[in-house]
Structure formats: structure tokens, C-alpha cells
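Good morning, and thank you for joining this group meeting. Please look at the sequence and the model as they come up, and I shall then take you through a few places.

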Amino acid sequence: MGGAGQIDRTVSNNTNTGIYSTFIVFGVLGGAIVNLLGIRWTICASGLTYALYSSSYIFYNHTKNGGFSIATGPILGIGAGVLWSAQGMVMMSYPAENKKGLCISVFWIIFNLGGVIGGIVPFVINYNNGKENQAKPLPDSCYIVFVALQVLGALCALALSPPERVIRCDGSHVVLMRYTNVRQEALETVKLFFNPWVLLLIPLSLASNFFYTYQYGPYNGVLFTLRTRGLNSMLYWASQMVAAYMVSFIHDREQLTRRQRGLVSLGLVALLTNVMWGCTLVVQLRYTRGADEDNLTNDYPGGLIDFSESSRAAGPMMLFCFMGMVDAHLQSFAYWLIGTMTNDSQMLARYAGFYKGMQSLGAAVAWQLDAQNAPLMTQVIVNWVLFNLAIPFTCYVASRIKDSSEEAVDRPADDWLMDTRTSKLDDYYREL
């Protein structure tokens, strides 16, 4: 929606800065937390922080006091860091190596289905308002629907099957939890900052969420009427679902080595991203600001764009869908690349958390750029340059991908408990 559904993006930008500031820390720590506490309750508790955040805007609609919304930001950042660490571990450690691309795509399709629903709700509620008086915030009814869905989704996490019952399609077992403790997790977390492969992916991590601020704020949030913003959001996430499925055929193509798949995927996403920012530059040259207290509309020729104006709307709306497709490819590639580094579930939890932590660092900077009213053209250029700076580092990692990461093969839970070679686990049970 852009600006969390509000016309004035100041509160949303400051809230998002708070979100991503704590997301940075708890993204890095998230893998350790998930390894220590398991996935069911961590996902459930984390999911409820999203509902708290959404409910804060109901309060804001009635009071115009942004304090509550801004306060929920750091809380959501904590929950999001843990949630995405758990999600990344499941997504990358559950499937067999030749199915990781498909599993990542399936997750991305399900994940973006929520975004599609989130776009349908405001579009339907505001459909009959027409183009007139479209520069207004999202009504309470939309936020209430979001809160209900987020609470329901969080509670569904409690229905997850115990990890030891999960069996891959090839008959091998997935084990998500082994014996660990706070000291060990702290040590492993520190080691991430000295892992050269993880460090080489920091530029990609920083760039991979940086653009959301621009795309949903100065682009979708500024150019379009409220109902069209909802429609755009629905189409953006629907486009991601299509693109995520398509890219899985590259990542799981067994006729190519994993190294070849990685380089082909990176080359394609680099090309598409540069085309996307080139087209965005053309649109951005036509306006410099959005609606605010002094201006009821933007300075785009003809004012706010409504989907009913097909001649004006077609190009900018199609570009927004293309942005979604490129994002899906980039995110799928990033997770697939991380998934090639190991099959060890606990390491993948840490890698996923570190990736999201660094990703959030970039996002926090991006939200503050917009909050400080950085020129919209500046935001386009920063996004474009940041992505291209990440390409050589990512290319180096992709060129070193091995055809198999079977150095850490998970076994059924009973095997770990019965193996006399796991002395740490035996000592632990003797102490009990």
C-alpha cells in the first residue's frame, strides 16, 4: 500500500526504521533463538507481533498520534528477526538438494498469497469511492482484517508437525534440532562475522530489501489513487508468485551443474534488475513529490493515476508488476545460493538469520532516506548503484558453488539419541 496505508509517510517511515533497527540484531540472533527454542512457539509468538503492529494504525487513524505505531516497530523487528530465521531454516533444510529451488518457490508463492489478499482488501473496500477523494488513509476495516489474518496465521504455527516426523521425498530424514546450548549458539553466531562466504553476501543482503521503501512509498504510494494502490499491491505479489515458480526451473535444472545454475540465475536477475531501474528512471523523471498537507495530489502530469484511466495507468502499473517479478527472482536466488552452502539445519538457521539481519540494515537506511525527504530521484540512483555493487561479490560466491553439500547429513532423531559417538549429548543426559 505504501506508507502503511497512510497519506503522510512520516510515521510509517519512522516505524519501519524502528522495525529494521531491531530486525538487524534479532535477525543475526534469530538462528540461535530458533535452535534453542524450536520452531513452533517461536513462529507463533513472532507472528503475533505483526498483529500488534497492524492494530496500532487503528489507534493512529483516530488519534493521529504516531507514538504507539512507532513503539510497535522495535517489537515487530524482534519478532520478524526470529520468524524469518525459522522460516529460512525450514525452507532450506527440509528439501533434498535437487528440490531446494522448488521448495523456495513454493514458500514464496504461499508467502505472496498473503500479499495478494492484503491488496484485494483495500481495493474492494475502496472500489466504489471512484477517483475523487482518493488521497486518504486506509480505513479501520482494512486494518481489522489484517489483524485477524495475522493472529490466525500465528496460531496455525502451533499445528506444525514435529520436525522428527518430516521425511523427504527420497526417504531421508530431516532433523531440525540437535543438542545445543546458549554458549554454543553464542560462539556460532560470532563465527558468522568471520565466515568469508557469509561476508561476501553482505552487499547482496543490503541491496535485496533496500528497494521496498522506494517501490511502495515514492512509487506506488505517491503515483496512484488509494484503490489503485490496493490493486497494484495485489498484482505486484501475484507477479511474484508467477516469477518464483518460473525461476525454480533454473535452480533445479539437473542438466546443469549447480555452479552453472547459480551463474545463469545471477546473470538473468542482474539483467532484469537493470532493465527495471532503467524503466523506473523514465517514470521518475516525470514527477518529484507526492500529496501532502499543502498539496492534494502529486506533480505527476494529470495528477494521481487511477486504474480506470487505461492510457495513463497501463505503463506505470505494468512496471510495478515487473518490479514484483524481479524481486521474486532476486529473493529466490539469494535463498537458493545460501542453501547451497550447507545442508546442516542449524547452520542454515544462522545463515538465514544473518542474511535477514544484514538485509534489514539496508532497509533501515532506506526508510530513513525517505523519512528525511531525500529526493525521489536520489533514491532511484542509490538503489540502482547499490544493486550493481553487489554483483561482483555475489558472482564470486556463485562461481564457487559445489555440486553437493552432503558434508552435513541429517538423520532421524532416534539416531542422534542412540549414537554413542555424540559424547556431548550423552554427557548432557548423564547430568540430568
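Tyr396 is partly exposed, at 39% relative accessibility; by that term I mean between the limits for buried, under 20% relative accessible area, and exposed, over 50%, with a 1.4 Å probe and protein chains only. Please bear in mind that this is a predicted model, in which local features need pLDDT of at least 70 and side-chain atom pairs count only at pLDDT 80 or more, while totals for chains, interfaces and linings use all residues. Residues are numbered from 1 along each chain as its sequence is written, and side-chain values use heavy atoms, with hydrogens and water left out.

Which residue stacks with Tyr396? The partner is Trp197, with ring centres 5.9 Å apart and planes at 15°. Trp197 is likewise partly exposed, at 35% relative accessibility. Rings of Phe, Tyr and Trp (its six-membered ring) pair if their centres lie within 6.5 Å; planes under 30 degrees apart count as stacked, over 60 as edge-to-face and the rest as tilted. This pair joins distant parts of the chain, since Trp197 belongs to helix H7 (residues 196-200) and Tyr396 to helix H14 (residues 376-398), 199 residues apart. Helices here are DSSP runs of H or I with at least four residues, strands are runs of E with at least two, and both are numbered from the N terminus.

In total, the structure holds 27 aromatic pairs. Another of them is Tyr20 with Phe23, also stacked, at 5.9 Å centre to centre and 10° between the planes. These two residues are three apart in helix H1 (residues 10-37), which means that about one helical turn separates them. Tyr20 is buried at 14%, and Phe23 is buried at 5%.

Now to the chain as a whole. It contains 16 helices and zero strands, and 54% of its 432 residues count as buried. Contact means heavy atoms within 4.5 Å. Among contacts in the chain with a separation of 6 or more, 83% are between residues 24 or more positions apart.

Helix H9 (211-223) deserves attention. How many of its 13 residues are buried? The number is twelve, so H9 is mostly covered. Phe211, Tyr212 and Pro218 are among these buried residues. They pack against helix H8 (202-207), helix H10 (226-251), H11, H12, helix H13 (345-371) and H14.

A search of the whole structure finds four cavities of 30 Å³ or more. On a 1 Å grid over the protein atoms alone, a cavity is a set of points where a 1.4 Å probe fits but cannot get out, and lining residues have an atom within 4 Å of a point. Grid points are joined across faces, edges and corners, and a volume is the space filled by probe spheres set on the points. The largest cavity holds about 100 Å³. Its lining consists of 14 residues, with Ala207, Phe211, Thr273, Trp277 and Leu330 nearest the centre. H9, helix H11 (258-284), helix H12 (310-339) and H14 each supply at least two lining residues, and H12 gives the largest share, four.

Finally, consider Thr72, in helix H3 (residues 67-93). Thr72 is buried, at 1% relative accessible area. Leaving aside residues up to four places away in sequence, Thr72 touches Thr15, Leu52, Tyr53 and Ser56. Thank you for your attention.

Technical notes:
1 Å grid on protein atoms, 1.4 Å probe; cavity = no way out; pocket = protein on both sides within 12 Å on 5 of 7 lines; lining within 4 Å.
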